[in-house]
Amino acid sequence: MMESHPDPVSDGQSASSSTAKRLPVNPRRHKVAPEQRKRVVRACNACNNRRVKCSGELPCDRCVSTTRICEYTASETDRNTMKEELERLRARCSALEQGIQTIAPNHAPHVMRQLTRGELPNWAAVVPSLPASPDSSESDEGEGRFPYDLEGAARYIGESPGTTFLDQLKRFMRTLMGSLTSIPGSEDSSTFVSSIGRYQTYDSRPLTDPDVNPGWLPEAVEMTSMLQKLRVYIQDGNGTCESGGMLWWGDLVNVPKSNPLAHLGTMDGNRHLAFYHICFALSVSIGHTSLQSPDSQSAEAYFKRARVLLGNPLDAVHFTLTDVPALSLMAFYLIEVNRRDAAYMYVGIAVHIAVMHGAFQYAADEASKRVFWTLYILDRWISVLMGRPPSISDESIRLPLPAFDPSMPPCIGLCANIELARISGYVVHETYGTAPRNPRNVDYETSADAALRMLNSWHSRLSMQLQVHPDQALRDPSCCTMHMSYNHLIILTTRPVFFAAIKKVVAQRIVNDLNSPGQPTHEKYIRACNDAAQRNVQLARLLQSTNRSWLQSGLHFLFSAAVVLLLDRISSGYERSINTDRNHGPHDAEIVFAIRVFEQEAETGTNYQADCCKVLQGLKALSDRCIVTQRELSTQQRLGDRNHHAAIPRPATPCEQKTLNRTGTDCTVHQEMLLWSQADNLQAALSL
């Protein structure tokens, strides 16, 4: 009997669909477990080329026995899937990059570099560019800020550091640019103000972590050379300084020896080498030779050896007084590589150990006494840099000042530096209100006058060995740096009122009348700030003539002085007495010199020098524009008066320009400047 089959066509199905149906599985075939199969699913490339049996493992047995590289080729299905996934990811990355460029154009390049390195950006910090109008909620007065660093991490910065002042200056320039909308090219200056709320530091970037042997030491001749270099730069000048040097770190003459039998786990036998390794790290860093040195002799490698020998810095229990010099020098090194937060931590640990062992009440010998006072100076210096309270108060110190010791260099320079550090603590505490000792009802003027009196008294009591002249700068550059620190404290004390006066002069000229001169208030503060800045540039010229490598402290002093002179240059463009026949503004030579120094240092130093150079160049371009603009308007008025024409009409105020430019921020700019111009009281001026 024949079995009948239904006709597919009669069932309404096409012939092609019937042929596409899958045939039933052969019942004689059954699934075999992988471990029971005699053949592998896929052979490796080597076995496949040789047509031999492969075990299918990675690596397979045959490749292991013949020591060949065992590789497998992806199947066609896998290759197609991977290609589709790659195209999808590329399209997605392209769309995301375009979105970042649109939303945050100022941060896009840095974000791209982070993603390329495989790092996760801080997306909360990647915000759209700030508008060109001031925010009424922003204030220049406060008890500190939380700016973002280059990695997008927020960090606390007090009111005294240049970082905070620079942020205030950027906000001022943003407002000023809002009033200069009619000036061609003013939009090019947006690069300078686009970094409001940002500052340059590298604390978020981890230090390199090379593989080192902590017990290793370079040759004795090389160690002697590095220690001598360090004595010249940060100690006593190899005994040539008449002042005896400004700091004292310990024995930088005798070459250390390592103990090859010391156990790697405890390092106790070689713990003393931590001090010398950090000395070598500083010597290499100051000499900018790390790029030419082998990995084992780079600054990072020496610093890593010191870290390994001392152990975890947060585990202060196992530290003793003998570790204080090394910890202090590690903080000094971290300042040089622009890791200020880490330096603040190391100094705090060193002070904690010294206090715990009573070192600031008693020192066994003169050398130890000098080391602890050097720690005190470093603590005050970092306090100024960070705008944070120092780790130890003056009231808790009972240690006498260093005394004359015939076996050691003179101590007059170190004692003068200690007294200057005490004054710096008063400036940060009282003038800027960082943990003030006096009641808060004491006004700024009282604190500023007290600080200036202390500084003038300190300067008048200096001995002849501590005076600065060209020959002295060649013999004792550290004394020159101490005088720069003195001038910098004057700048810190007077800079708030100097800045308020600059804003008032500019605002009066823009808001009231082009012909109405701004009347500067509190002339003594303005003159003191300007004179101190000019003196620091002169001292920087002396230091430059010595062909020494610049330390971070000297660069910091020069940068602050250059910013003050640039501000004075901007205000001169709005003064009635400006000489319209001159082709240049005031302080041109000093500013160009400062920029040139940072350009040269940026070629061999860290990114700190390049960042400072970029800021000075951008601020100088803005000051040039202000001077040229005001000079052109003054020249037009003078020619109009000479030809007996009517006076040039008063330029429209930003509020009046609003109807012409149809911008919604002009009135806000006008109101901001109106407040600046009407601030007659000093305290009111400082609050704007």
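The expected span here is 1.5 Å times one less than the number of residues, and helices (H or I, at least four residues) and strands (E, at least two) are DSSP runs numbered from the N terminus. The model is a predicted one, in which local features need pLDDT of at least 70 and side-chain atom pairs count only at pLDDT 80 or more, while totals for chains, interfaces and linings use all residues. Residues are numbered from 1 along each chain as its sequence is written, and side-chain values use heavy atoms, with hydrogens and water left out.

The protein chain contains 24 helices and zero strands. Of its 688 residues, 48% count as buried, meaning under 20% relative accessible area, with exposed over 50% and partly exposed in between (1.4 Å probe, protein chains only). Within α15, the buried residues include Tyr444, Leu452 and Trp458.

Salt bridges (a side-chain nitrogen of Lys or Arg within 4 Å of a carboxyl oxygen of Asp or Glu) number 14 in the structure. Arg370 and Glu366 form one of them, at 3.4 Å from N to O; being four residues apart in helix α13 (residues 366-386), they are separated by about one helical turn. Both Arg370 and Glu366 are buried. Also in the set is the bridge between Arg380 and Asp394, at 2.8 Å from N to O. Arg380 lies in helix α13 and Asp394 in the loop between α13 and α14 (412-431), so this pair ties together parts 14 residues apart in sequence. Arg380 is buried, with a relative accessible area of 2%, whereas Asp394 is partly exposed, at 25%.

Turning to the rings, twelve aromatic pairs are found across the whole structure. Rings of Phe, Tyr and Trp (its six-membered ring) pair if their centres lie within 6.5 Å; planes under 30 degrees apart count as stacked, over 60 as edge-to-face and the rest as tilted. The rings of Trp249 and Phe332 have centres 5.5 Å apart and planes at 70°, so their pair is edge-to-face. This pair links distant parts of the chain, 83 residues apart: Trp249 is in the loop between α8 (220-234) and α9 (273-286), and Phe332 is in helix α11 (residues 324-336). Trp249 and Phe332 are both buried.
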